[in-house]
Structures are given as C-alpha cells and as structure tokens.
Amino acid sequence: MPWDYSIVYLNLYTVTTIYDVLILGGGAAGMSCALVLGSAQNKPFGKDRKVGIVLHQRASALDRAVFYNALGVEPGLKGIDILQKGAEQLSKYYPKVELITKEKVLDIQENNSLFTVKTNKNSYQAKKVVIAIGPSNLNQFEGMKSYIIPHKKIEAVKERIQLKNTDHLVKKDLYVAGVLAGHRSQFAIACGSGAAVATDILTEWNDGKHTMIHDAID
C-alpha cells in the first residue's frame, strides 16, 4: 500500500492532516481570505484542497467597531456581529473550510517544506500559512521575529509592527494580510488585503493562470 503523504504522524497517538492553507486570524483580512479560498471548493484546482482558519486570538479590532462607511455593509452594523456572521457564512456556504475555534496561536515555525503552527491546544502543519492576526499578538512568536519591522503607515509613537513583505508575500508560501502586512487599519482595506492573498494562492493552484472567483445571477 503506497504511503499517503497527506498524513503526518506527530507521535504514537496523534494523526494530523496537512493543510494546503492555514489562515491565522478571524478578523476582516483572515475571514475574507477564507471566503475567497472557500469559493473555489468546486473548481478543479480547488476541490481537493484542505483549508483551515484559526478564527480568533484573544480579541479582534472588530470587537468595538460599528460601520457606516463600508460599502455593502448595513449602516450601523457592529463589528462583533460581522465576526459572528462571517463564521456562519463560511460554515453555510463553504463547509470544506475547517473552522478552528477557541485556540490561540503561540508560534509559527518553518519545518523544511512545511510550517508548524502551535496553539495553546494543538499543533498543525501546513504547506502555506496566511498570517492575519493583530500586530500586538506577534511579538512573542519566536519563529517570526526576523521578519518584524516597524509599521510604515501607523504613527511611530504607537510602536506598531508589521512583517516585511512584497505584495503580501513574506517568503515562499508564507503570506501576511491586513494591518500586519503594512496596511492602515480600515475595514475595507483589510478585506481587500485578505482577498488579494486568496487570489494569489488560487492563481498558483491554477497553474499560474490569474484567477478570481465571481458569483453571478443566472
């Protein structure tokens, strides 16, 4: 029987599937990335891909937000409701995207051709990782310290950080989205950033053919 490379044995008692993409963070950037990747679940290049998202760190910038200036969002909608509705939307329309809840990411380590993501409860392996958590959560990640620089679009007095990247790519197969990519803290920008990362990944899966997923009225 041939070896199944989709399975890695971490120890005698734990068997973990390797994710094609693991998204870290369930805010605007992370959720948008997951939705766009999920929307390719029936495409030939996306149907056998395993995508997961670690939904939340300790808190999200959306927790205290309320929206009046975001296109397509009902005026007055609270950010906390967007977090809940986003998870429900993923579950309903793109059930192949695995939602990992009530876990906090503690570190990301490079391991040959894979990344190991450690949380307070589990350890995961992924071929690609998208980091979309708040910048305040990253300082303790030993595996990411060499990529941290001062944020270029937030006042220096606030001492915010970002990851060095070129068009969201930190290094091969390691992406960053949202504020941590160097963008300003604006809901629409974060959503676009996460979606941009997703389309870059879809393009790679689709043999380099520039790829977007659109729904249309029949």
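I looked up H168 and found it buried, with a relative accessible area of 7% (buried is under 20%, exposed over 50%, partly exposed in between, with a 1.4 Å probe and protein chains only). The model is predicted, and I kept its limits in mind: local features need pLDDT of at least 70, side-chain atom pairs count only at pLDDT 80 or more, and totals for chains, interfaces and linings use all residues. Residues are numbered from 1 along each chain as its sequence is written, and side-chain values use heavy atoms, with hydrogens and water left out.

**Entry 1: backbone.** I noted a positive phi of about 80 degrees at H168, which is not a glycine. H168 sits in the loop between β12 (161-163) and β13 (169-171); helices (H or I, at least four residues) and strands (E, at least two) are DSSP runs, numbered from the N terminus. I then looked up N112, whose phi is near 55 degrees, also positive in a residue other than glycine. N112 belongs to the loop between β8 (105-111) and β9 (114-119) and is exposed, with a relative accessible area of 80%. Most residues other than glycine have a negative phi.

**Entry 2: helix α1.** I found 11 of the 11 residues of α1 (residues 28-38) buried, so the helix is largely enclosed by the rest of the structure. Its cover includes β3 (19-24), β4 (51-54), α2 (79-93), β10 (123-131) and α3 (187-205).

**Entry 3: α1 with α3.** I recorded a packing angle of about 35 degrees, with the axes 7 Å apart (axes are lines fitted to C-alpha atoms, for helices over the stretch in contact; angles run from 0 to 180 degrees between N-to-C directions). In contact (heavy atoms within 4.5 Å), the residues of α1 include A28, S32 and L37, and those of α3 include F187, G194 and W205. By class, this contact has 14 nonpolar, three polar and no charged residues.

**Entry 4: α1 with α2.** I found that these axes come within 10 Å and cross at roughly 15 degrees. That makes α1 roughly parallel to α2 (angles under 35 degrees count as roughly parallel). M31, A34 and L35 in α1 meet L83, G86, A87, Q89 and L90 in α2.

**Entry 5: confidence.** I read a mean pLDDT of 88 for the protein, with 89% of the residues scoring at least 70; pLDDT is the predictor's confidence in each residue, from 0 to 100. Confidence is lowest in β1 (residues 7-9), at a mean of 39, and highest in β3, at 98.

Key:
Nonpolar A, V, L, I, M, F, W, Y, C, P; charged D, E, K, R; others polar. Parallel < 35°, antiparallel > 145°, perpendicular 65-115°, else oblique.
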